[in-house]
Amino acid sequence: MSYTSIKFLIFVTITVLVYFLFPKKFKEYKWTVLLVASYVFYIFAGIQYIGFILFTTTSTFLGALWMDKMSRSSKNYLKEHKGDLSRDEKKKYKERTKRNKKLVLALILVLNFGVLAFLKYAKVLFMGGVGDLLVVLGISFYTFQSMGYLIDIYRDTVPAQRNYFKFALFVSFFPQIVQGPIGIYSSLAEQLYQPHDFDYDRFRHGFMLILWGLVKKMAIADNAYIAIRSVTDHYQAYGGTTLLFTVVLYAFQLYMDFSGGIDISRGVAQIFGIDMMENFRRPYFSKDISEYWRRWHISLGNWFKTYLFYPLAMSNAFLTVSKNIKKSKFGSTAAGAHIAKVLPTSFASFVVFFMVGVWHGANWKYVAFGVYNGAIIMLAVLMKPVFEAILKKLHINPDCAPYKGFRIIRTFILILVGYVFDVAPSFEESMMTFRLIFTDQNLKVGWGEISELGLSKYALIYLAICVVFIFIVSVIQERHATTTIRSLLDKKPAIIRWGAVYLAIMVILIFGVYGSGFNAADFVYAQF
Amino acid sequence: MKKSTEKKTKKQPNTKGRTYRNRVIMILSLVLAIVVTTMFVQEFILCNADHNAERIRGFYLEEENTIDVVAIGSSEVYCGFAPGLNYKEYGFTSYPYATEGSTARNFKTMFDEVRRTQDPKLIIIEINGAIYGNTNFDKDVNLRRVIDNIPMSKSKSEMIETEIEPDKRIEYYMPLIKYHGGWDNMGNSIGWSISMIQDKLRGYNMLKGIKTYSTYYDMSEKVIPSTDRSMKLKRPLFKKSHEALLEFLKYLKSEGVSKDRILFVRFPHVTTERNLTRYQRGNTIASIIRDNGFRFVSFEPDDPEINLDPEKDFYNIEHMNINGQQKFTRYLGKYLQTHYGITPTKLTEEQKEEWDKTIPYYDAYVKYCVEMLDDDSPPQEIGENYFTMREIKKYLDT
């Protein structure tokens with residue numbers, strides 16, 4: 001059941017009606033409507049997937065309870081024996097508890113990430129010997145979300161959920177199961193369990209967000225995908241100009257596709273009174289790659305930052321390396337001191353992005369994608385003093401608008417380089433793409449090829465208009481970062497507010513890609 | 001202070017009520033605006049507008065029970081059967097209820113639709129749809145040209161439910177799902193869209209669905225005379241055609257359709273080696289129809305009375321051009337009068353005025369087509385397309 005299908009629309013409508021018409025007498029059980037809906041949604045996607053999500057739910061739930069029990073027993077024991085134990089004994093006892101919790105955590109992490117890794121990489125690792133494996137809907141997203149919760153329990157930052165079904169809802173909440181955003185237990189769970197009453201403004205805003213997501217996905221991304229698919233289906237047949245055009249188009253398509261899907265998810269959740277975290281903040285306005293990753297797929301970035309980056313950067317091994325550099329002769333120089341200071345974080349960034357690349361799929365091109373991003377970020381941090389010195393020498397004010405513009409364009413080009421790995425079917429073909437982009441530029445040939453990618457001249461003009469429109473909307477959003485376009489529209493006369501809704505629906509109906517005449521793309525990130 | 005609070009409390013329900021009312025009004029207005037726009041776009045803009053759409057929809061604009069003769073079939077029909085000329089020469093009203101590539105599986109729906117909206121003295125069925133091969137039956141487009149242009153009715157619904165796979169049915173009830181992707185290719189259809197809007201506003205169409213190409217058959221193949229021995233042979237029909245034809249004949253019998261009110265025909269074609277098998281399948285169809293007790297007349301054999309010249313009266317071996325259209329319509333009209341006693345229905349003044357208008361338009365159409373035929377310009381599709389009609393109108397007073 002795709003988020004862009006009529007079935008989903010009907011499904012959401014029924015769920016909304018049941019949720020808000022739920023008897024007030026039993027309002028504390030309102031969340032069960034969402035749980036049932038989530039599992040119905042999941043079963044619609046394929047009954048064969050259900051075992052995987054139940055395994056993650058059950059193992060995480062039990063693991064969390066087990067660790068929570070350890071923590072509470074430990075606390076009680078220490079409380080009961082407050083006077084009996086020496087400081088060392090207390091410390092040792094705490095360490096033993098921590099070690100035991102760590103063992104449980106490791107066991108559950110290995111089990112769950114093991115399943116994920118097996119499904120993602122087994123086919124490649126065993127040379128295709130295990131046959132076609134299941135692409136389990138949303139497994140990455142719910143695994144990350146559940147494991148985040150488990151780590152939070154390990155860290156004692158959230159209380160363990162004692163109701164299995166409530167926890168099952170946190171893992172399976174249907175608007176986010178396909179492609180995120182990856183929710184954090186502390187901010188999402190309570191919202192899911194609260195009995196929300198119908199709120200007209202919330203409904204309206206949620207509905208508008210869904211519409212906006214549908215416009216981005218169906219009327220923009222899927223049109224661009226027609227051309228991208230033509231190229232990727234016959235990748236070797238195209239010259240450098242067409243490949244460059246495809247990479248640029250892909251940047252636009254991917255953003256519209258992914259952020260459109262997230263808007264639909266957030267919009268649906270908002271109707272139920274649940275605020276899911278923002279997953280995009282105009283990423284192509286980033287002034288460096290680090291900022292880009294803080295604006296793109298924010299929930300994944302947060303996850304890696306909280307659960308991988310900080311533990312790595314603050315790990316004994318990394319800190320020891322840093323200390324050793326500081327103590328060395330090199331460490332006494334300005335460069336050495338800088339490197340000693342930033343090495344743990346920059347190397348941790350590299351590892352994080354390597355993992356992000358690996359997470360994207362079992363293909364060397366994704367590893368290259370991760371290494372490329374990690375390397376850029378690491379170099380940017382390590383070379384920061386050099387860049388600052390160059391700016392000073394050239395008398396460039398880093399805060400001036402032209403320089404900011406230059407940084408945005410430069411970052412966008414760096415992003416495009418990364419996308420080459422994504423667009424090309426393999427690592428070898430991504431290398432070929434780089435070669436052709438630099439050695440095979442011919443506008444006439446390129447235009448000839450582009451005009452045969454399945455998009456008419458008018459469709460290309462339409463996409464160009466969409467780019468301009470999205471740019472204008474993004475500028476407005478950027479200038480009003482604390483609010484939303486919907487809130488801005490609220491201040492406008494009714495005719496403009498309702499006109500915008502009318503326009504969005506008509507754009508979807510006329511320009512949207514749907515029906516059997518098209519092979520509409522699935523959400524790109526659903527495959528990860 | 002207390003008073004003012006009380007006042008506010010009293011006013012609240014009214015404000016709340018007004019807010020609800022305004023919301024309901026806005027939501028209903030939005031829904032209405034979307035429905036109206038969608039229906040308009042679906043009906044006239046993104047609807048695969050072409051001569052088929054203009055013709056079939058034009059049929060439904062005719063007032064109930066005002067058409068004397070309706071001809072059902074495929075492209076032969078609207079190329080060779082001119083209602084304007086029938087009305088001018090013989091006074092009876094007629095209409096070609098036909099679409100390009102229409103197969104025999106459309107016969108029942110088309111027949112039902114004609115009977116649902118009109119009470120013709122005679123329904124002519126051109127049998128080309130039963131000559132087609134199986135592949136023509138598998139082409140979605142041959143079905144869509146009919147179905148998409150029929151207003152919602154029992155027979156339309158029946159056809160969708162029986163012929164279309166369940167997951168695709170929604171696209172037949174809501175053709176916008178199918179055709180919305182054609183927004184970037186509207187250059188070719190905009191003339192037909194405008195014409196359909198004009199027809200709708202006017203309440204009828206001017207040329208009654210006829211269409212031709214402004215060219216001559218190039219005589220690149222040897223024409224086989226009807227006296228040739230091979231023309232007497234029969235050839236089996238393709239499975240799907242055969243089944244569809246038998247099913248239709250069975251339906252006619254089950255409905256108790258009077259044999260005097262239905263006539264199966266074969267319109268004139270040029271027969272060459274290439275389409276000889278089609279001619280022979282026509283012979284088989286003739287036998288099947290007659291065996292089932294219905295009347296069949298073939299106008300294919302060279303008939304000096306029709307006097308069709310393959311070189312001058314056809315634009316290809318399957319279709320007559322404007323010259324052939326005039327000759328054959330005159331012949332067929334007279335044939336219908338003589339053999340079926342077709343006499344004009346009494347029309348109201350308004351209806352008569354409408355049909356009277358078709359005469360000068362048909363004459364102008366003929367003049368334009370004839371001029372285009374002898375012109376050096378590339379062959380052109382000529383029908384009631386807005387842009388073509390602008391040219392045709394120039395011949396109205398000449």
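This is a predicted model: local features need pLDDT of at least 70, side-chain atom pairs count only at pLDDT 80 or more; totals for chains, interfaces and linings use all residues.
**Entry: A:Gly83**

I looked up A:Gly83 and landed in the loop between helix H3 (50–80) and helix H4 (87–125) of chain A. Why does A:Gly83 count as exposed? I find 5 C-beta neighbours inside 10 Å, so A:Gly83 falls on the exposed side of the cut-off. I then checked its C-alpha distance to A:Lys457, which sits 374 residues away along the chain, and got 83 Å.

**Entry: chain A as a whole**

I went through the secondary structure of chain A and got 22 helices and zero strands. For the extent, I have the C-alpha trace spanning about 85 × 75 × 55 Å along its principal axes. A compact globule of 528 residues would have a radius of gyration near 24 Å, and chain A comes out at 25 Å, so I call that agreement. I also looked up burial: 37% of the 528 residues in chain A are buried. Of the chain A contacts with a separation of 6 or more, I see 76% coming from residues 24 or more positions apart.

**Entry: chain B**

I turned to chain B and noted 17 helices and seven strands. Its C-alpha atoms fill a box of roughly 110 × 50 × 45 Å along the principal axes. I have 42% of its 398 residues down as buried. Among chain B contacts between residues at least 6 apart in sequence, I get 84% joining residues at least 24 apart.

Methods. Residues are numbered from 1 along each chain as its sequence is written. Chains are lettered from A and ligands numbered from 1 in the order in which they are written. Helices (H or I, at least four residues) and strands (E, at least two) are DSSP runs, numbered from the N terminus. A residue is buried if 20 or more other C-beta atoms lie within 10 Å of its own, exposed if 12 or fewer, and partly exposed in between; C-beta atoms are placed from the backbone. The radius of gyration is taken over C-alpha atoms; the globule rule is 2.2 Å times the number of residues to the power 0.38. Two residues are in contact if their C-beta atoms, placed from the backbone, lie within 7 Å.
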